[in-house]
Amino acid sequence: MPTRRPATAIGLVAVAGLLALGGLAARDVWRIRDDVEAGQQSLAGLNLQRVDAEGGLPAVAADRRLRAADRRARTSLWLRMLVPLPVAGHPGPRCS
């Protein structure tokens, strides 16, 4: 039975780690998108008659969802790990 080289094992662990990081970052992006869309829908249906009838509750709910999206985008460990990667149109942070 052939033995695996340590480099192969290290490569497999690295690939598994990158896949896990990508999955966790994608989950956070999905949750951010969901919160932003829910906040936008709450604001889109807001008019003076609805505010008079329901008070400011729809605006408060929209604000809560948009703030949750903002907080998650700013504090996500998984998204912060991806910041150094260049994205189309954004070259990434510069090292000075």
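Helices (H or I, at least four residues) and strands (E, at least two) are DSSP runs, numbered from the N terminus. Ala44 lies in one such run, helix 1.

This is a predicted model, in which local features need pLDDT of at least 70, side-chain atom pairs count only at pLDDT 80 or more, and totals for chains, interfaces and linings use all residues. Residues are numbered from 1 along each chain as its sequence is written, and side-chain values use heavy atoms, with hydrogens and water left out.

**Overall build and confidence**

The protein has four helices and zero strands. Read from the N terminus, the order of its elements is α-α-α-α. The predictor's confidence in each residue is given as pLDDT, from 0 to 100. The average pLDDT of the protein is 83, and 86% of the residues score at least 70. Among the elements, helix 1 (residues 6–44) has the highest mean pLDDT, 91, while helix 2 (residues 48–54) has the lowest, 74.

A residue is called buried under 20% relative accessible area, exposed over 50%, and partly exposed in between (1.4 Å probe, protein chains only). Of the 96 residues of the protein, 14% are buried. Contact means heavy atoms within 4.5 Å. Among contacts between residues at least 6 apart in sequence, 67% join residues at least 24 apart.

**Helix 1**

The expected span of a helix is 1.5 Å times one less than its number of residues. For the 39 residues of helix 1 this gives 57 Å, which agrees with the 57 Å between its end C-alpha atoms. The buried residues of helix 1 are Leu21, Ala25, Asp28, Ile32, Asp35, Ala38 and Gly39. Their cover includes helix 3 and helix 4 (77–82).

| Residue | Relative accessibility | Class |
|---|---|---|
| Asp35 | 8% | buried |
| Arg31 | 36% | partly exposed |
| Ala44 | 68% | exposed |

Asp35 belongs to helix 1. Apart from neighbours within four places in sequence, Asp35 is in contact with Arg65, Leu66, Ala68, Ala69 and Arg72. Arg31 is also placed in helix 1. The C-alpha atoms of Arg31 and Ala69 are separated by 7.5 Å, although these residues are 38 residues apart along the chain. Ala44 and Ala62 are 18 residues apart in sequence, and the distance from C-alpha to C-alpha is 9.7 Å.

**Helix 3**

Helix 3 (residues 57–75) has 19 residues, which should span 27 Å at 1.5 Å a residue; the end C-alpha atoms are 27 Å apart, in agreement. The buried residues of helix 3 are Pro58, Ala62, Ala68 and Ala69. Seen down the helix axis, these buried residues fall within an arc of 120°, so they line one face of helix 3. The arc is that of the directions from the helix axis to the C-beta atoms. The buried residues of helix 3 pack against helix 1 and helix 2. On the face turned away from the buried side, helix 3 carries the exposed residues Leu57, Arg64, Arg67, Arg71 and Arg74.

**Rings and charges**

A charge sits over a ring if NZ of Lys or CZ of Arg is within 6 Å of the ring centre and within 35 degrees of the ring normal. Arg33 lies over the face of Trp30, at 4.4 Å from the ring centre.
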